Every structure is written in structure tokens, then in C-alpha cells.
Amino acid sequence: MEPSINRTAEQIVAHDQPLKDARPPVLVRELSAADRERLLTHFFALDEDDRLLRFGQVVPDRVIENYVRNINFSNDKVFGVFGGALELIGVGHLAYLPAEGDKRTAEFGVSVLESARGRGVGSKLFERAAMRSRNTHVSVLYMHCLSRNSTMMHIAKKSGMKIEYAYGEADAYLSLAPADQTSIVTEMLQEQAAVFDYAMKRQAQRASQVFQAFIPAAANAA
Ligand SMILES: CC(C)(COP(=O)(O)OP(=O)(O)OC[C@H]1O[C@@H](n2cnc3c(N)ncnc32)[C@H](O)[C@@H]1OP(=O)(O)O)[C@@H](O)C(=O)NCCC(=O)NCCS
């Protein structure tokens with residue numbers, strides 16, 4: 001009977017892999033000042049511990065309001081991943097630090113809604129920020145985290161970041177290769193795919209709103 005047990009195990013493995021691969025792709029879109037309201041909604045949804053991990057302290061809503069109001073979209077880059085209802089399920093903020101001579105550095109911070117974690121959203125936001133950094137002549141990308149943030153530490157190590165630990169905190173650094181044609185074209189294509197995906201979701205949302213608007217009329221007519 002043992003062989004049939006092994007066959008069952010193989011069948012389970014064989015079915016698991018396509019399911020994992022069948023996850024929808026994570027598309028990262030660059031955000032603009034027009035997205036401030038959605039950014040607020042995203043950050044307000046983070047609980048106390050997430051706010052501590054993201055901002056280094058438990059920030060109240062008014063500090064978040066101030067932070068979002070003051071994001072300088074013409075200097076910094078903010079990236080988002082949208083859910084089906086056009087809500088921001090993940091946000092990455094790439095802030096360019098003052099240049100030191102020829103050396104350009106940037107700092108990255110990221111958050112993903114609890115309901116959307118473990119699907120690669122945080123990793124994709126990081127990858128996109130690293131690519132943008134590279135394509136804008138940043139040589140070192142920097143990230144400051146609490147060292148107990150094992151998920152973020154995992155993402156950092158996976159990306160080849162060097163990590164220095166001190167007093168319960170961790171500074172992670174990624175040295176970036178100069179931009180090349182591939183990195184520039186890849187980023188452009190990813191952005192186009194994300195813009196298209198956003199337009200499709202918006203279209204679907206509008207169609208659903210129109211449909212909903214007709215439902216009471218249809219019900220009254222019946
Ligand atoms: C950190 C955070 C952004 C990760 O987002 P996410 O979308 O869940 O991340 P991903 O799905 O891309 O990756 C999670 C990875 O960590 C791994 N992981 C999950 N929990 C883990 C844990 N407790 N310890 C170690 N690794 C863990 C997953 O297996 C996955 O690894 P893989 O890509 O090799 O399979 C999200 O948890 C978050 O918003 N946390 C609160 C705010 C925060 O910590 N921000 C970072 C401050 S810079």
C-alpha cells in the first residue's frame with residue numbers, strides 16, 4: 001500500500017506548484033499627488049505595530065496626514081500596488097537623500113496591508129524602487145528597520161542587501177550597478193503594464209457602479 005501513499009504526496013506537490021504560479025502578477029505603478037487620498041486610506045489602515053515597523057514609531061493619524069501632505073512627488077518617487085477596488089494594498093516610498101559629491105543615495109520605506117501580505121507585493125515594491133534608483137544614478141539604496149522585522153530582513157537579504165545591526169535596529173544597504181538599456185526598458189514596460197492594469201480595474205469599477213445604479217430601477221419595475 002505504501003506506493004499509493006507516495007503517489008498521493010506527489011499529486012499534492014504537483015497540484016500545489018501551478019496554483020502558486022497562477023497567482024496574479026504584482027504590478028507596481030508610480031503614484032502622483034492625485035493619489036494622496038488613497039495613500040492616507042492605506043496608512044490609516046495600518047495598526048499600531050505596523051506603524052511602528054514602517055515609521056520607526058507609533059504615529060497617530062495626524063502625523064500620517066502631515067507625512068502624506070508633505071510628500072514631494074517631484075523629488076521622491078512613490079510606488080503603489082492596487083487592489084480590485086482601486087485601493088492601495090501596498091505602498092513604497094523612495095526618498096532621495098542629499099547628494100554627497102558624486103554619490104547619490106536614496107532611502108526606501110514600504111508597507112503592505114495585512115490582508116495582502118505574503119503574495120510578493122512588498123518584494124515587488126522593493127525591486128521596483130531598486131530599479132528606479134539604479135535608473136536615476138543612485139549608487140546605494142538604504143533601508144532602516146527594526147531588527148525584529150524578520151519579514152523585511154528576509155526581503156533585504158534575498159535582495160543581496162548588506163545589513164548592520166545595532167541596538168535593536170538594522171540598517172540595510174544595497175549597492176547598485178549603473179543603469180543600462182535593459183534596466184531602463186524593463187522599468188518602462190513594467191510601468192506600462194501597471195498603468196494598463198489600473199485602467200482596466202477602473203473600467204470594471206465604473207461598469208459595476210453603472211450596473212448597481214440600475215438594480216433599484218429594475219427592482220421597482222418588476
Ligand atoms: C514587510 C512587509 C512590507 C512585507 O510585505 P509582503 O507583501 O508580505 O512581502 P512579500 O510577500 O513580498 O515577501 C514576504 C517574504 O518574507 C517571508 N516571510 C514572511 N514572514 C516571515 C517571517 N516572520 N520571517 C521571515 N520571513 C518571513 C515570506 O516567506 C516571503 O518570502 P519569499 O518571497 O522568499 O517567499 C509587510 O509585512 C508590512 O507592511 N509590514 C509592516 C510595515 C513594515 O514592516 N515595513 C517595512 C519597514 S522598512
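Predicted model: local features only at pLDDT ≥ 70, side-chain atom pairs only at ≥ 80, totals over all residues.
**Exercise 1. The overall layout**

Task: Describe the elements of the protein along the sequence, and then the order of the strands in the sheet.

Solution: 
1. The protein contains seven helices and seven strands.
2. Along the sequence they follow the pattern α-β-α-α-α-β-β-β-α-β-α-β-β-α.
3. Strand S1 (29-30) and strand S6 (162-166) are the edge strands, each pairing on one side only.
4. Inside the sheet, S3 and S4 are antiparallel partners over seven bridges. Val91 has Ser111 in S4 as its bridge partner.
5. Among contacts with a separation of 6 or more, 64% join residues 24 or more positions apart.
6. Of the 222 residues, 25% count as buried.

**Exercise 2. The faces of helix H2**

Task: Decide which residues of H2 are buried and which are exposed, and why the buried ones line one face.

Solution: 
1. The buried residues in H2 are Leu39, His42 and Phe43.
2. Viewed down the axis of H2, the buried residues fall within an arc of 90 degrees, so they line one face of the helix.
3. An α-helix has 3.6 residues a turn, so residues three or four places apart point the same way.
4. Glu37 and Phe44 lie on the other side of H2 and are exposed.
5. The buried residues of H2 pack against helix H4 (61-69) and S3.

**Exercise 3. Asp171**

Task: Is Asp171 buried, exposed or partly exposed, and which residues is Asp171 in contact with?

Solution: 
1. Asp171 is in strand S7.
2. A residue is buried if 20 or more other C-beta atoms lie within 10 Å of its own, and exposed if 12 or fewer do. Asp171 has 16 other C-beta atoms within 10 Å, so Asp171 is partly exposed.
3. Leaving out neighbours within four places in sequence, the contacts of Asp171 are Tyr142, His144 and Glu164.
4. Met143 is 28 residues from Asp171 in sequence, yet their C-alpha atoms are 5.8 Å apart in space.

**Exercise 4. The ligand shell**

Task: State how many residues surround the ligand, which elements supply them, and how they divide by class.

Solution: 
1. The ligand is surrounded by 23 residues. The closest are Leu53, Arg117, Gly122, Ser123 and Ser150.
2. At least two shell residues come from each of helix H3 (48-55), strand S4 (105-112), helix H5 (121-135), strand S5 (140-146) and helix H6 (150-158).
3. H6 gives the most, six residues.
4. By class, the shell consists of eight nonpolar, 10 polar and five charged residues.

How values were computed: Residues numbered from 1 in each chain as written. Near = placed C-beta within 6 Å. Helix = DSSP H or I, 4+ residues; strand = E, 2+ residues; numbered from the N terminus. Nonpolar A, V, L, I, M, F, W, Y, C, P; charged D, E, K, R; others polar. Arc of directions from axis to C-beta. Contact = placed C-beta atoms within 7 Å. Pairing = 2+ DSSP bridges.
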